[in-house]
Amino acid sequence: MITLAENSYGKSRVRLAKVKRHADRHDFREWTIEIRLEGDFESCFVAGDNSKILPTDTMKNTVYSLARSSVADTIEEFGKELLSFFLSRNPQVSRAHILLSEKAWEHLRTNGKSHPTAFVQSSGECQTTEVAASRDGAPFIRSGFENLVILKTEDSEFAGFLKDSLTTLPETSDRLLATSARARWNYSASDLPFAALRSSVRDILLSVFAAHISKSVQHTLYAMGERVLANVPEIDDVELTMPNKHYLPADLSRFGQDNPNEIFVPTDEPHGTIKARLRRQG
C-alpha cells in the first residue's frame with residue numbers, strides 16, 4: 001500500500017519592484033516572493049486530476065495584481081495579504097507559506113543631500129520573512145536578514161581551545177573577526193510594528209558585535225542573541241548563523257619585513273560555521 005504522505009507546490013522567485021510616488025520623493029522596493037500551498041491535492045498526484053490545482057502562473061499574477069492595490073510597506077505585511085488572498089479563494093488549501101526577501105535599496109546621496117528619486121544598492125544584505133498560516137489559524141511570522149557582512153579589527157581572540165595531534169592552528173589574542181551573518185527570529189504576534197522592530201533588532205546585534213570582547217565567534221554570537229531577547233519582548237527566540245570569514249596574517253619574514261598584525265590574506269573557503277538558537281525559558 002502506497003500513500004501520499006505529504007505534499008506542497010507553488011511558485012518560486014517571483015520578482016517584484018514597486019515605486020511609490022509621493023509629491024516630494026519616491027520610495028523604491030524590490031522583493032522576491034516564494035509561494036507554497038498545502039492541501040487536498042492528492043487527486044492531482046495520484047490520478048492526474050488537476051481540478052483542484054491553482055496554476056503557479058496564476059500565483060505569479062496574483063503577486064503583481066495584489067501589489068497594485070497593496071498598502072503594505074514591509075515584507076511581513078505583504079506576506080499577510082498574500083496569505084489571506086490565497087486562503088480565502090481556495091478552499092482546497094489547508095495551509096499557505098509565503099517567503100519573501102528584500103534587497104537593500106537606499107536613496108542616493110549627492111552634495112550631502114538625499115536624492116528624492118535616485119537610489120543605490122549599498123550592500124548585499126537581504127531582509128527576509130516567512131509568513132504561514134493554516135485555514136483557521138493566526139499567521140506565524142519568522143523574520144530576519146542574511147548576508148550581513150561585518151568585521152572588527154580588535155577585541156577578538158581565540159585561545160585555550162582543544163588541541164590534538166592534528167592541530168596546527170596557533171592561539172591568538174588579537175585577530176580580525178569577520179562574518180556574513182544570518183539571523184532569524186519568531187514574532188510573538190502577527191500584528192506588530194515590523195519595520196521598527198526589525199530596525200531595533202539589527203541595531204542591537206551590530207552594537208553588541210562592535211563592543212563585545214570576543215573569546216570566540218560562539219561567545220559573541222551568544223552575547224548578540226542574549227541582548228536582543230533582553231530588549232525586544234515581541235520576539236520569542238532568535239537564531240544566528242555566523243560563518244567565519246578568515247583574514248590570515250601574511251608571512252612577510254621571507255622579505256625581511258615584519259607584520260605587526262596589519263597585512264592579511266582574505267579567505268572564506270573552507271570556513272567554520274557557528275549557529276545557535278536562543279529562547280526565553282518558561
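**Close-up views of a cavity and a helix**

The structure holds one cavity of 30 Å³ or more. This is a predicted model, in which local features need pLDDT of at least 70, side-chain atom pairs count only at pLDDT 80 or more, and totals for chains, interfaces and linings use all residues. Residues are numbered from 1 along each chain as its sequence is written, and side-chain values use heavy atoms, with hydrogens and water left out.

**View 1. Seven names to look for are K18, V19, K20, D27, R29, W31 and A72, which line the largest cavity.** Strands β1 (9–21) and β2 (26–39) each supply at least two residues of this lining. By type, the lining residues divide into three nonpolar, no polar and four charged.

**View 2. Helix α4 spans residues 194–211.** From first C-alpha to last, the 18 residues of α4 reach 26 Å, close to the 26 Å expected at 1.5 Å a residue.

**View 3. The buried residues of α4 are F194, L197, R198, V201, I204, L205, V208 and F209.** Buried means under 20% relative accessible area and exposed over 50%, with a 1.4 Å probe and protein chains only. Seen down the axis of α4, the buried residues fall within an arc of 130°, so they line one face of the helix. Turned away from that buried side, A210 and A211 are exposed.

**View 4. Among the elements covering the buried residues of α4 are α3 (75–89), α5 (217–231) and β7 (235–243).** The cover also includes β4 (113–134), β5 (140–152) and β6 (177–187).

Conventions: Helix = DSSP H or I, 4+ residues; strand = E, 2+ residues; numbered from the N terminus. Expected span 1.5 Å × (residues − 1). Arc of directions from axis to C-beta. Contact = heavy atoms within 4.5 Å. 1 Å grid on protein atoms, 1.4 Å probe; cavity = no way out; pocket = protein on both sides within 12 Å on 5 of 7 lines; lining within 4 Å. Points joined across faces, edges and corners; volume = space filled by probe spheres on them. Nonpolar A, V, L, I, M, F, W, Y, C, P; charged D, E, K, R; others polar.
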